[in-house]
Amino acid sequence: WSRMQEQSHCSLSAAQLRWEECASDLKSHVLPRFTSADNPVLVLGADIIYNAAQVPVLVKCLQVLFGGKESVQASKMLLGHQSRSEALDTKMLNELDAAGFVVKQFFDAKLPFQEKSKHIKLFEIKPQQ
């Protein structure tokens, strides 16, 4: 265990990232906190798509994060998504695919919430190789 512990290293950092201002927020809020030169960057998102207008803005921001042009390059995103409509889910998946992302769904369930249930999906998003 101690040998394994010595070889593994993980750091976590969170920063403001407005989708509409993705490139400038990377420079001012994200890059000062860490560098991705030594470690892959994992992007986490949870319940971030509420309507169709948000989808293209998210896709554009992910293109910046995965593009590596701003001194940071994401290796993958894990997205926890509350399904609000099949049409919205389809739009999100189609636009990610059209932008060159590979999306794998690895969880899909209706989970109890108060007296109702919420449809939750988990996705892994990566750039095409």
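A residue is called buried under 20% relative accessible area, exposed over 50% and partly exposed in between, with a 1.4 Å probe and protein chains only. The structure is a predicted model, in which local features need pLDDT of at least 70, side-chain atom pairs count only at pLDDT 80 or more, and totals for chains, interfaces and linings use all residues. Residues are numbered from 1 along each chain as its sequence is written, and side-chain values use heavy atoms, with hydrogens and water left out.

The protein holds four helices and four strands. Helices (H or I, at least four residues) and strands (E, at least two) are DSSP runs, numbered from the N terminus. From that terminus on, the order of elements is α-α-β-α-β-α-β-β. Of the 129 residues in the protein, 27% are buried. Contact is defined as heavy atoms within 4.5 Å. Among contacts between residues at least 6 apart in sequence, 65% join residues at least 24 apart.

Helix 3 comes next. Val55, Leu58, Val59, Cys61, Leu62, Leu65 and Phe66 of helix 3 are buried. They lie on the same side of helix 3, because they cover an arc of only 165° around the axis. The arc is that of the directions from the helix axis to the C-beta atoms. An α-helix has 3.6 residues a turn, so residues three or four places apart point the same way. The cover over the buried residues of helix 3 includes helix 2 (22-30), strand 1, strand 2, helix 4 (86-98), strand 3 (101-113) and strand 4.

Valine 57 also lies in helix 3. Valine 57 is partly exposed, with a relative accessible area of 26%. Leaving aside neighbours within four places in sequence, valine 57 is in contact with Trp19 and Glu20. Valine 57 and arginine 18 are 39 residues apart in sequence, yet 9.8 Å apart in space, C-alpha to C-alpha. Just after helix 3, glycine 68 takes a positive phi of about 75°.

One aromatic pair is present in the structure. Phenylalanine 66 and phenylalanine 101 form this edge-to-face pair, 5.3 Å centre to centre with 70° between the planes. The pair links distant parts of the chain, as phenylalanine 66 is in helix 3 and phenylalanine 101 is in strand 3, 35 residues apart. Rings of Phe, Tyr and Trp (its six-membered ring) pair if their centres lie within 6.5 Å; planes under 30 degrees apart count as stacked, over 60 as edge-to-face and the rest as tilted. Phenylalanine 66 is buried, with a relative accessible area of 6%. Phenylalanine 101 is buried too, with a value of 4%.

Helix 2 has buried residues of its own, namely Cys22, Asp25, Leu26 and Val30. They cover an arc of only 110° around the axis, which puts them on the same side of helix 2. These buried residues pack against helix 3. Proline 32 is found in the loop between helix 2 and strand 1. Proline 32 is exposed, with a relative accessible area of 60%. Apart from neighbours within four places in sequence, proline 32 is in contact with Leu26 and Lys27.

Strand 1 has two faces. Val41, Val43 and Gly45 form the covered face, and Leu42, Leu44 and Ala46 the uncovered one. In a regular strand the side chains alternate between the two faces of the sheet. Six bridges join strand 1 to strand 2 (residues 74-82), and the two run parallel. Two strands pair if DSSP finds at least two bridges between them. Glycine 45 stands opposite leucine 79 in strand 2. Aspartate 47 is in the loop between strand 1 (41-46) and helix 3 (54-67). Aspartate 47 has a positive phi of about 55°, although it is not a glycine. Aspartate 47 is partly exposed, with a relative accessible area of 27%.

Lysine 121 is in strand 4 (residues 116-127). Lysine 121 is buried, with a relative accessible area of 6%. The side chain of lysine 121 makes a polar contact with that of aspartate 89, at 2.9 Å. A polar contact is a pair of N or O atoms within 3.5 Å; within protein, one must be able to donate a hydrogen and the other to accept it, and residues adjacent in sequence count only if both atoms are side-chain atoms. Not counting residues up to four places away in sequence, lysine 121 touches Leu79, Gly80, His81, Ser83, Glu86, Asp89, Gln105, Phe107 and Asp108.
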